[in-house]
Amino acid sequence: MTEAIHHFIEQYGLLAVFLGCVAEGESAAILGGFFAHQHVFVLWHAIVAAALGAFVGDTCFFILGRSFADNRQVVRLRRRPGFRRAYRLLNTHPDIFVLSNRYVYGMRLVGGIAAGLSTIAAPRFVILNAISSVIWAVLFSTIGYVFGLGAEHFVGQALMRHERLFIGLGIGLTVAALAWLVARHIAKRERRREQ
């Protein structure tokens, strides 16, 4: 069973990193770096998969806001906590907003939609988004790689294949849980601020 899971991660892990990074993908990028440290795949492959996923995700959100502004789903997203503030920041500091939006957990979707609804030119958004995606992917994949170093040092040579999988899944679940708690806290604070 463990061998089958390991083989599955070797075959489809980079695709999973890409797809995970299309959405709010910090944990996917970190896991990519972790598994790169464990020699499941190469670090720069994990970075490229994470960067492409982040770029594609934010570009899709931008296109959604730009092309489907009156769509029921987009209108609903515009009511999410923080949208007005994101839109205001985007219009006052568009370059800084696009470069930094992905680092605020829970704001990537709202920020992408807001960028699509704003007056920022599409080529400008694409260039800034590409720069931000690469920096973000390098940062979070490297964090995962460093987690791999720490886990190897902590567990020592006993870090066998099946233990790597469980440690990787544990890291992913921990990061996802922390991100969820932070997003929940930010959403509550935004709701209070908008009242």
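Predicted model: local features only at pLDDT ≥ 70, side-chain atom pairs only at ≥ 80, totals over all residues.

A: Start with the overall build. The chain has 9 helices and 0 strands. Along the sequence the pattern reads α-α-α-α-α-α-α-α-α. Of its 195 residues, 40% count as buried.

Now take helix α8, residues 122–155. This helix gives the largest share of a nonpolar surface patch, namely 6 residues. The patch covers about 670 Å². Its members are Leu99, Tyr103, Ile127, Ile131, Ile135, Leu139, Ile143 and Phe147. Look at Ile127 as one of them. Ile127 is found in helix α8. Its relative accessible area is 54%. The cut-off for exposed is over 50%, so Ile127 counts as exposed.

Helix α8 also takes part in a charged pair. Side chains of opposite charge can pair when their charged atoms come close. Here the side chains of Asp95 and Arg124 form a salt bridge, at 2.6 Å from N to O. Asp95 lies in helix α6 and Arg124 in helix α8, so this pair ties together parts 29 residues apart in sequence. Asp95 is partly exposed, with a relative accessible area of 32%. Arg124 is partly exposed too, at 35%. Each value falls between the 20% limit for buried and the 50% limit for exposed.

The count comes to 2 salt bridges. The other one joins Arg102 and Asp58, at 2.8 Å from N to O. Arg102 lies in the loop between α6 (94–100) and α7, while Asp58 lies in helix α3 (residues 43–67), so the pair ties together parts that are 44 residues apart in sequence. Both Arg102 and Asp58 are buried. For each of them, that puts the relative accessible area under 20%.

Two packed helices are described by the angle between their axes and the distance between the axes. Take helix α5 (residues 83–92) and helix α7 (residues 108–117). Their axes come within 9 Å and cross at roughly 50 degrees. That makes α5 oblique to α7, because roughly parallel needs an angle under 35 degrees and roughly perpendicular needs 65 to 115. The crossing of α5 and α7 is right-handed.

To recap, helix α8 supplies 6 residues of the nonpolar patch.

Definitions and conventions: Residues numbered from 1 in each chain as written. Heavy atoms only, no water. Patch = residues over 30% accessible without salt bridge, like charges linked within 9 Å, V, L, I, M, F, W, Y side chains within 5 Å. Areas by Shrake-Rupley, 256 points an atom, 1.4 Å probe, with all protein chains shown as cover. Salt bridge = Lys/Arg side-chain N within 4 Å of Asp/Glu carboxyl O. Helix = DSSP H or I, 4+ residues; strand = E, 2+ residues; numbered from the N terminus. Buried < 20%, exposed > 50% of the residue type's maximum accessible area, 1.4 Å probe, protein only. Axes fitted to C-alpha atoms, helices over the stretch in contact; angles between N-to-C directions. Parallel < 35°, antiparallel > 145°, perpendicular 65-115°, else oblique. Left-handed = near helix turned anticlockwise from the far one by under 90°.
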